[in-house]
Amino acid sequence: MSRPKTAEETRADFLTFFRERGHEVVPSDSLVPHNDPTLLFTNAGMNQFKDVFLGEGARPYLRAVDTQKCLRVSGKHNDLEEVGYDTYHHTFFEMLGNWSFGDYFKKEAVGWAWDLLVKRWGLDGSRIYATVHEGDASLGLEADDEAAGYWRTETGIDPDHILYCPSKDNFWMMGDTGPCGPCSEVHVDLRPDDERSKVNGRELVNSDDPRVIEIWNLVFIQYNALKDGSLQPLKARHVDTGMGFERMVAVLQSKTSTYETDLFLPILDAVARLSPRSDVRGYYDVDAENESEREKLRVALRVVADHVRTVAFAIADGVMPGNAGRGYVIRRILRRAVRFGYQTLELHEPFLHRLADTVIDLMKGQFPELDRSRAYIERVVRAEEESFLETLGTGLQFFDRAMPYLQALKDGEAVGSVSARLKKDRATLDLLGKAYVDVSDRAEIMQRYVGTAAQGKLPGEVAFLLHDTYGFPVDLTQLMAREVGFGVDMERYEDLMLEQKTRARAATSFRVDQSATDAWTAVSEGDDSDFVGYERTRVEGVSVRGVREVRSTDGSRFELILDATPFYAESGGQVGDTGTLVVGEDEIRVLDTQKRQGKIVHTVDRLPADPSAPVTAVVDVARLRRIRKHHTVTHLMHAALREILGPHVAQKGSLVSPDHLRFDFSHFERMSADELRGVERRVNEVVQCNIVRTEERGIPLQEALDRGAMALFGEKYGDTVRVITFDPAYSVELCGGQHVEATGEIGVFRFVSEGSVAAGVRRVVAVAGLDAVNHLHGELDELGRVRDQFRSLQRPSDEEVAELLAQNRRLEKALEETRHAALASRLAEFLERSVSVGDVRLVIGQVDSADMNALRSLGESLRERGGAGTVGVLGATDPDGTKAYLAVSVSDDLVKRGLQAGKIVGQLAAMIGGGGGGRPQLATAGGRTPDQLGRALAAAPDMVREMLP
């Protein structure tokens, strides 16, 4: 008997124990479920074996053991906002498990569980409890006496410690239908002996007592749940067990908290070392006035430690922080950690990326993908931190400005009294005006704000502004409100979110006059509208099903539906086909093809004189060939991007047109010239190989996914799909679009541009075929024109261009230095005219025709020259007089006293119709009302006086 001393030993010993009993040690599956686009993250050990349990797959072994990476942010004990407040729940965790696929069953599973826990690891058997299924009349099941019997015969457990429990605790189902079965949970009582003598542990099993906890669940999959609610015995019975690794480590290390184990303490202490707070030196070394303050600091440490593990593992498995799906979950987690670090631990600079090394060094032995992605993880996390920190300080200031009036109402101050004080607080009303954008009257803003606040809720308008303008996930706002005893008006918040989505849809949709005549006129019987364009580009003898005229704000358009058509309707980013319809004697141009309500709708230049006549439909083949090239090369480019940049690349949007393609994808930084060239070269290599297209239709979705087909998360697929393959080892995608027969038809591929469209999302534009040739000719022509300018020179033109550019940079630098010198001379004037506000020296000044960079530089100079006890407030208007800028600097000694530049600039910015933020020592802001700059500067003394501690 040898109890593991470290977490690494525990994991290794679990795997060894079951390998000695004939189990195949299999690697953890990714956090991203590749074969299930409906699932956000792998959240249980069984996910990678789901196909085996469903009878849709097999493995070359009958027994398996693994440790599975899991991520949960919802469900019992796993709500994100709760993590960190207790000492044993996590967003990312490992699940140790052993598996039997039609091999051993209850006897071995129960006996081996006891052998490992008690005989090998030395747990006190008198502290172990086992639960089994008590039976369920609604399912037609008797009690699981079989499992209970094996607990009696195969282990040394006290028979009084075997408990029969209901289905909610001890019957496992994969879903409403499918594999299921009873389970047996193993619990351990960690209470001191004196407490155990007073209260029987039986009474605390499944009662959420953190000292009597479940450590292992043995699931016996022996039934198939049918749609009628009945259970059918399975021919092959399986075992699926799951042991919470972090929890088991805590038990073996005699800790009551998972955070106090060697899995977390190195991270917690690393966070503490980064904090500039002198009272936070380590997780066990926190000085505080009282236990409540000490626990507040430890909560922040736990949140950061938990979340940085989650973020590191997710990014290593290809998840980029983003605005939807998996990416949004990781962004929420990362921003929650940043906020705790910023507000509680005073970490005002990017810090999470500096903790990645600690996480990776702790976990790389079992998960080498972390070490392989070390630099990438750090760059992604830092970029996301920097983006959020740009608005976090200002958002927190807005929140802090809004809360005192809510607190006053909670403390019993009369609504009238609060309203009267708020009426005089012009700065707060200016800020609230940003939230109540549909209200211009200050009295109404005040009335609505106080009315919601009186109900103990932060107004939904404020929560929406924090989300929309400052990037605060709403659950972060809910957490901040809850910390001071308030809820959030989520009904109003959801209404505003819906209004925003509706506006966005309306802005990109075709606006139709509802009074217009847009009803369909039936021409022939039938409801079919079949697409035959995969095989043919010309179809004769088809019939018109219906016609209509649609009037909109942009004029009228004419539409018709055919019973069969070769015209591809816009879908999946590919534009709709154009061409001609010959209807009787009429030749009608097809301007566009769209799919509406399941029908393929052709937009035409006019309606036929005799719509009942037979139709010959002809696609513009020359245009379609160009579209096919750009669609196929989009697939090839997507594969090359993943190959060159990494598996985190995921499609976020696309456009395939005749003359170019546009592709949005997840990536955290600008692509370098070498990366662009590498992707171009790889795509062109595949083009030159002339790989023949393989097209398969009617493939079951799960089969296609199991074969490695690329599926987009959140995309809705039918039960069967179309699979397009250009070499199974290179590009396999689910796609309904048009493609070339072989890659050689593409000819050549060339990037046109690369840029950013959103945080963590890049966009490339590229061309293929003759469009690429024409683009290359244009580049060569441009180069020729540049060379012509240097034809009289002896040296190569690239050297001359480089010299001219260098000369231009020198001149720009000299000009900038002249501007800064002029500003510096003004700084001396401002310092001479400084005023005293209490014991603070306040320097105020305004300059004309300066941009934000120049003003920031002047603020930095003021900080250096002003010395201790100095606050600087500088203002400027841009050269064309349309914008105003502010810069606030605070000396280090005043920052330590609690005065922050970001808070000052945030309130002043509201007066110039803008916002901003930055570090406590230096912060900047911009606004759209330069005529109010004087008022903002004049308000600085009172504002500084008000903020002084």
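Is Cys180 buried or exposed? Cys180 is buried, at a relative accessible area of 0%, where buried means under 20%, exposed over 50% and partly exposed in between (1.4 Å probe, protein chains only).

## Ground rules

This is a predicted model, so local features need pLDDT of at least 70 and side-chain atom pairs count only at pLDDT 80 or more, while totals for chains, interfaces and linings use all residues. Residues are numbered from 1 along each chain as its sequence is written, and side-chain values use heavy atoms, with hydrogens and water left out.

## The chain as a whole

The protein chain has 29 helices and 36 strands. Both are DSSP runs numbered from the N terminus: helices are H or I with at least four residues, strands are E with at least two. Along its principal axes, the C-alpha trace spans about 95 × 90 × 70 Å.

Of the 949 residues in the chain, 52% are buried. Take the contacts (heavy atoms within 4.5 Å) with a separation of 6 or more: 68% of them join residues 24 or more positions apart.

## Cysteines without partners

A search of the whole structure turns up zero disulfides, a disulfide being a pair of cysteine sulfur atoms within 2.5 Å. Cys180 is in none, and its nearest cysteine sulfur, that of Cys183, is 11 Å away.

What about Cys183? Its sulfur has its closest cysteine sulfur in Cys165, at 9.4 Å, which is too far for a bond. Cys183 is buried too, with a relative accessible area of 3%.

## A buried lysine

Lys106 sits in helix H3 (residues 106-120). With a relative accessible area of 2%, Lys106 counts as buried.

Who does Lys106 touch, leaving out residues up to four places away in sequence? The list is Asp144, Glu146, Ala147, Tyr150, Pro182, Phe220 and Gln222.

Helix H7 (residues 245-252) has seven of its eight residues buried. Those are Phe245, Glu246, Met248, Val249, Ala250, Val251 and Leu252.

Helix H17 (residues 460-468) is mostly covered as well, with seven of its nine residues buried. Here the buried set is Gly460, Glu461, Val462, Ala463, Phe464, Leu465 and Leu466.

Just after H7 comes Ser254, with a positive phi of about 55 degrees. Ser254 belongs to the loop between H7 and helix H8 (265-274), and it is exposed, with a relative accessible area of 60%.

Asn690 also has a positive phi of about 55 degrees although it is not a glycine. Look for Asn690 in the loop between helix H21 (673-688) and strand S26 (694-700). At 42% relative accessibility, Asn690 is partly exposed.

## H14 against H16

Helix H14 (residues 415-424) packs on helix H16 (residues 442-453) at an angle of about 135 degrees, their axes 10 Å apart. For the record, axes are lines fitted to C-alpha atoms, for helices over the stretch in contact, and angles run from 0 to 180 degrees between N-to-C directions. The pair is therefore oblique; angles under 35 degrees count as roughly parallel, over 145 as roughly antiparallel, 65 to 115 as roughly perpendicular and the rest as oblique.

H14 passes H16 in a right-handed crossing. Handedness is read from the near helix: turned from the far one by less than a right angle, anticlockwise is left-handed and clockwise is right-handed. On the H14 side, Val415, Ser419, Leu422 and Lys423 meet Met446, Tyr449 and Val450 of H16. By class, this contact has five nonpolar residues, one polar and one charged. Nonpolar covers Ala, Val, Leu, Ile, Met, Phe, Trp, Tyr, Cys and Pro, charged covers Asp, Glu, Lys and Arg, and the others, Gly among them, are polar.

## H27 against H29

Further along, the axes of helix H27 (residues 901-911) and helix H29 (residues 940-947) come within 11 Å and cross at roughly 140 degrees. The crossing of H27 and H29 is right-handed.

H27 brings Lys903, Ile904, Gln907, Leu908 and Met911 to the contact, while H29 supplies Ala940, Met943, Val944 and Met947. The contact of H27 with H29 splits into seven nonpolar, one polar and one charged residues.
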